[in-house]
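These are my notebook entries on one chain. I set down what I looked up, entry by entry.

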Amino acid sequence: MGYLINRVVVIGSGTMGGGIAAHVANAGLPVYLLDIAPTELSPQEEKRGLTLEHPAVRNRIVSASLDRLKKSKPLSFFTPQTADLVTIGNLSDNFSWVAEGDWIVEAIVENLQAKRELVARIEQVRNPSSIVSSNTSGLPIGAIAATASVPPKVYATPRLPMPDKVAQPESVVKTLFNSLNEKQKEAATNTSWR
Ligand SMILES: NC(=O)c1ccc[n+]([C@@H]2O[C@H](COP(=O)([O-])OP(=O)(O)OC[C@H]3O[C@@H](n4cnc5c(N)ncnc54)[C@H](O)[C@@H]3O)[C@@H](O)[C@H]2O)c1
């Protein structure tokens, strides 16, 4: 059995989401990395006369995350060019990109209500055959998916090997699938989580 992943969408560009996006790019897959648009201007933005509508402001959070990943030590990206596989956007202007994802990774703050609202929103646009995973540390997957209008396939994102220890980047997605237990593998193709 196999599941072809051509495009990944990572939502939440913090420690985990940023790392996952880099990992996916290292495996050679294009990634959309999304985060919230700020609701307040920073002092520097005010000084520059920018408004909340300016694209640089709207993508400020996710843009800072990508810059951090590009400069990280140990390296997040295997090569500088790998970072080009990551396209950044914000959840207000670019949410329609979620429809293009074969795998949608939720990696936002550990807050049940925020995750529920996001999953319900994802349900409105995602491709029905897509996989939705949550990177939650401890919230029940069923609770995160409970308020979605259509029960999604939501999985806990399995632990991935550290980027600097991965000998074969192309094996990351295979590693991801293989690290699922039998029940999760079956669910990945057949059924939905409740
Ligand atoms: N940091 C770890 O070591 C670790 C390990 C395992 C699992 N996790 C889990 O991974 C998830 C992310 O953790 P993290 O450490 O990357 O957090 P983080 O604080 O570094 O990043 C969270 C990101 O979510 C964004 N965000 C906040 N509210 C949002 C909302 N309502 N909608 C969309 N995006 C929002 C923030 O802007 C931020 O970029 C959490 O569920 C956490 O429990 C973290």
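**Entry 1: strand S2**

I began with strand S2 (residues 31-35), which is mostly covered, as 5 of its 5 residues are buried. I call a residue buried if 20 or more other C-beta atoms lie within 10 Å of its own, exposed if 12 or fewer, and partly exposed in between, with C-beta atoms placed from the backbone. Helices (H or I, at least four residues) and strands (E, at least two) are DSSP runs, numbered from the N terminus.

I note that this is a predicted model, in which local features need pLDDT of at least 70 and side-chain atom pairs count only at pLDDT 80 or more, while totals for chains, interfaces and linings use all residues. Residues are numbered from 1 along each chain as its sequence is written.

Which way do the residues of S2 point? Val31, Leu33 and Asp35 point one way from S2, Tyr32 and Leu34 point the other way, and all are buried. In a regular strand the side chains alternate between the two faces of the sheet.

**Entry 2: the partners of S2**

I next looked up the pairing, where two strands pair if DSSP finds at least two bridges between them. Strand S1 (residues 8-11) runs parallel to S2, and 4 bridges join them. Across this pair, isoleucine 11 stands opposite leucine 34 of S2. S2 is also joined to strand S3 (residues 86-90) by 5 bridges, and these two strands run parallel. There the bridge partner of leucine 34 is glycine 89 in S3. I record S3 as largely enclosed by the rest of the structure, because 4 of its 5 residues are buried.

S1 is joined to strand S4 (residues 103-106) by 4 bridges, and the two run parallel. Valine 10 stands opposite valine 105 in S4.

S1, H1 and S2 make a right-handed β-α-β unit. A crossover is right-handed if, with the strands pointing away from the viewer, the path from the first strand over the helix to the second runs clockwise.

Alanine 22 and leucine 85 are 63 residues apart in sequence, yet 8.8 Å apart in space, C-alpha to C-alpha.

**Entry 3: the nonpolar core**

The largest nonpolar core has 36 residues, and those with the most contacts inside it are Val9, Val10, Ala21, Val31, Leu33 and Val105. H1 gives the most to this core, with 5 residues. Such a core is a set of buried Ala, Val, Leu, Ile, Met, Phe, Trp, Tyr and Cys residues joined through C-beta atoms within 7 Å. In soluble globular proteins, nonpolar side chains tend to be buried together.

I looked up what valine 9 touches, taking two residues as in contact if their C-beta atoms, placed from the backbone, lie within 7 Å. Leaving out residues up to four places away in sequence, valine 9 touches Tyr32, Leu34, Trp97, Val98, Gly101, Ile104 and Val105.

**Entry 4: two loops**

Proline 74 sits in the loop between helix H4 (60-71) and S3. The peptide bond from lysine 73 to proline 74 is cis, with omega near 0°. Most residues other than glycine have a negative phi, and most peptide bonds are trans.

Arginine 126 is in the loop between H5 and strand S5 (131-134). I list arginine 126 as buried because it has 22 C-beta neighbours inside 10 Å. Among the residues that arginine 126 touches, not counting those up to four places away in sequence, are Val98, Ala99 and Val132.

**Entry 5: around the ligand**

Which residues come nearest to the ligand? Of the 19 residues around the ligand, they are Gly14, Met16, Ile108, Glu110 and Ser137. A residue is near a molecule or strand if its C-beta atom, placed from the backbone, lies within 6 Å of it. Helix H1 (15-26) and helix H5 (112-125) are the elements that give two or more residues to this shell. H1 gives the most, with 3 residues.

**Entry 6: the whole chain**

Buried residues make up 35% of its 194 residues.
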